[in-house]
Amino acid sequence: MTAPLYDVKARLSEYVTMAEEGEVIVITKHGKGSVMLISEESMKEWTQKAVQASSRLQQWRQKYADCLTDEFAESLENIRHEPWSSAPPPFSEEL
């Protein structure tokens, strides 16, 4: 769900409750997504999934290392070190 910053400021307790219940709230400024409000539990789940994906990617990379170009190998290494920078957002771009 998206919500403008002015509304979140006015009703912060309600939005925190929604986030605690599993809702992901994209807070907008001037009509554009700015930050997200999510529960700590959701963040832990996302982090765990990112770590698992990174581990699978590393295993795949080791298995097929002899087939990889230097450029592709560098991209995989960047993903491993900064998984959030290249991960798709957990919400639809259509929001």
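A contact here means heavy atoms within 4.5 Å. Among the chain's contacts between residues at least 6 apart in sequence, 28% join residues at least 24 apart.

Some ground rules. This is a predicted model: local features need pLDDT of at least 70, side-chain atom pairs count only at pLDDT 80 or more, and totals for chains, interfaces and linings use all residues. Residues are numbered from 1 along each chain as its sequence is written, and side-chain values use heavy atoms, with hydrogens and water left out.

Now the fold. We have five helices and three strands; these are DSSP runs, helices being H or I of at least four residues and strands E of at least two, numbered from the N terminus. The order along the sequence is β-α-α-β-β-α-α-α. Of 95 residues, 19% are buried. Buried is under 20% relative accessible area, exposed over 50%, partly exposed in between, with a 1.4 Å probe and protein chains only.

Next, salt bridges: a side-chain nitrogen of Lys or Arg within 4 Å of a carboxyl oxygen of Asp or Glu. How many does the whole structure hold? Three.

Asp7, Arg11 and Glu14 form a network. Asp7 to Arg11 is 3.8 Å between the closest N and O atoms. Arg11 to Glu14 is 3.3 Å, N to O. Asp7 is buried at 19%. Arg11 is partly exposed at 33%, and Glu14 is partly exposed at 44%.

Lys44 pairs with Glu40 at 3.6 Å. Both sit in helix H3, residues 40–63, four residues apart, about one turn.

Last, Gly31. This residue lies in the loop between strands S2 (25–29) and S3 (32–37). Gly31 is exposed, at 70%. Pro4 is 27 residues from Gly31 in sequence, yet 7.2 Å away, C-alpha to C-alpha.
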